[in-house]
Amino acid sequence: MRLNEEEKAMLAGEHGEPRRWALQHQLQVASFFDAEDFVPVGQAHIMADTESLGESGVEFLESLARHPADQRRVRVPTITDPRGVDFRRYKDIGQKQWMADLEARAIVAFEALGILMTDTCINYQTIMPPVLGEHMAYGDTGVVIYSNSVLGARTNFEGGPSALAAALTGRTPRYGFHLDRNRRGTHRFVVEFQPQDLVEWGALGGLIGRKAGSYWSVPVIEGITSVPGSDALKHFGAAMASYGSIGMFHMIGVTPEAPDAKAPWDGAAPEPEIIGRQELERFCSEYAAFGEKVDVVVFSAPQLSLVEMQALADLLDGRKVHPETTLLAVTSPEVKSASDRMGLTARIESSGALVLSGVCFYQSYAREMAEVNGWRRLLTNSAKLVNIISGYGYVPALASMDACVESAIAGHIVGERRAG
Amino acid sequence: MTAVTLQGHVGIGPRVEGIALVAQDNFSARYDLDRIKGVFSRPGHALFGQSYVDRILVLNTAKGGVATAWMLREMASRNMAPRALLFNRVNPIMAQGAAFAGVAMIDRFDVDITRAIETGDRLLIEPETGKVTIMRGAG
């Protein structure tokens, strides 16, 4: 590992203990992945909800925050992933005071480090998207796969400690998706149908994630005939990352490093695996639960865009959520603020639904919420969420936003999936 | 006692000994574990219901989200962590988490590690050299 003079000084503690810890941590990871040097990053993005951090993680952040300002403050713009508690709403969903207290301590520490509390996993839609070729240290799998694939940025999955280390040093080890050779296609898929709505995009992402199955795989997707929107690719990428730990894909004619069918390959493209609509239907049927009582309907993972908030408001206008069902719409603080201003929050909440801001359902003490509220059957249009949430004691079901809303109003799972 | 040595890539963390818990499945602390009870809690996981505490987990690959990077240290702080982790191949999160938590981890072996090791095997893990020794017949 080649270190320049500044890096040697950091490692020697000349820039303070936080930067010494950070560089030491990065060197361990660099050695594991045979990185030869560091690469400067434009931003860092830290996943650090308090359910993951626990008391020990918060104490670690507080220990960094006690150092002098010139030693502890981050060196590149650094933002946060969703947190565990929405202070405006946590009591309404059965979260405890100790959760809010721990969250408040973490925020104080983060702010002392100079970190911007954006609390979002859709920063590429709401904060500052990276540009083609820009190196980043992003810490949410959905953010990473979207940034690498759709925007052509260069980032690995950076867990909270490593994203924080990158923020403190302004660099990250050059391995994985920072290197051209790891961004080339490894698996070829031809899709024989066009996904019709967000849940189908998520399901297709989940299918490909399962098949490709490794962080070191880069799926190449052919057959998509019109350019999907940002929300479609958001659900597609987030599900692929969740099911397969995938950090990058190419979509021929859509993503910037795949302008044509030859571009993602070093040599001849391999034989493709064909994905037809029947296979998509089989995937969705794994999460079908027609007729069953639904305890909680969740729109989250990823957080909703402003466009999704409007779609939800349109579906809920003048209607009431069933008294034995909870409907949660989860978004970022920026989108929540815009939704307040544009009247979308009021339209959604007048149905009895709750809008949560700056959190994500599975990062918000989901197990404890299930126990307190008696939630078991969860319905969502997020393929990512159904993959994650069963370990927290839920029985998940998957349907379109339209069918999710109809089910929330009926109190049980209704209807076939429809576009929406 | 017979000893079989397997060679992986140079790993992370301290030299440790312990008992293996093996499955041909993948791993995420967020998706798969009840970290309070110390058991695999996702019904679809091959190790569902089994305790991972103080075991050397031997699994195929890391999957899913980034939370494991914090969670390994959090589990270790309550003495509820696996003693070590062996994978065929990990993603960056697992490596970052092992480094942050000081948990021993090795991947990239010359064999399928989930088939070379059996649940209950006593193992010696040496991350500095990437070696894993199976000590069968040891008491």
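**Packing, domains and chain contact in the predicted model**

In this predicted model, the buried residues of α13(A) are covered by elements of chain A that include α6 (123-126), β9 (296-304), α12 (306-316), β10 (326-331), α14 (344-349) and β11 (354-357). Helix α13 of chain A spans residues 333-341, and its buried residues are A:Glu334, A:Val335, A:Lys336 and A:Ser339. After α13(A) comes A:Gly343, with a positive phi near 85°.

Chain A is assigned three domains: domain 1 (5-176), domain 2 (184-284) and domain 3 (288-410). The C-alpha centres of domain 1 and domain 2 of chain A are 28 Å apart. Contact between these two domains involves 14 residues of domain 1 of chain A and 16 residues of domain 2 of chain A. On the domain 1 side, helix α7 (residues 141-149) of chain A contributes the most, with seven residues. By class, this side of domain 1 of chain A comprises seven nonpolar and seven polar residues, and no charged ones.

The contact between the chains draws 31 residues from chain A and 33 residues from chain B. On the chain A side, two or more residues each come from α2 (17-32), α3 (50-65) and α8 (160-169) of chain A. This side of chain A has 19 polar residues, 11 nonpolar residues and one charged residue.

β1(B) runs antiparallel to strand β9 (residues 131-136) of chain B, and six bridges join the two strands. Within this pair, B:Gln7 is opposite B:Lys131 of β9(B).

Conventions. Residues numbered from 1 in each chain as written. Chains lettered and ligands numbered in written order. Predicted model: local features only at pLDDT ≥ 70, side-chain atom pairs only at ≥ 80, totals over all residues. Buried ≥ 20, exposed ≤ 12 C-beta atoms within 10 Å, placed from the backbone. Helix = DSSP H or I, 4+ residues; strand = E, 2+ residues; numbered from the N terminus. Contact = placed C-beta atoms within 7 Å. Pairing = 2+ DSSP bridges. Nonpolar A, V, L, I, M, F, W, Y, C, P; charged D, E, K, R; others polar. Domains from an automatic or database assignment.
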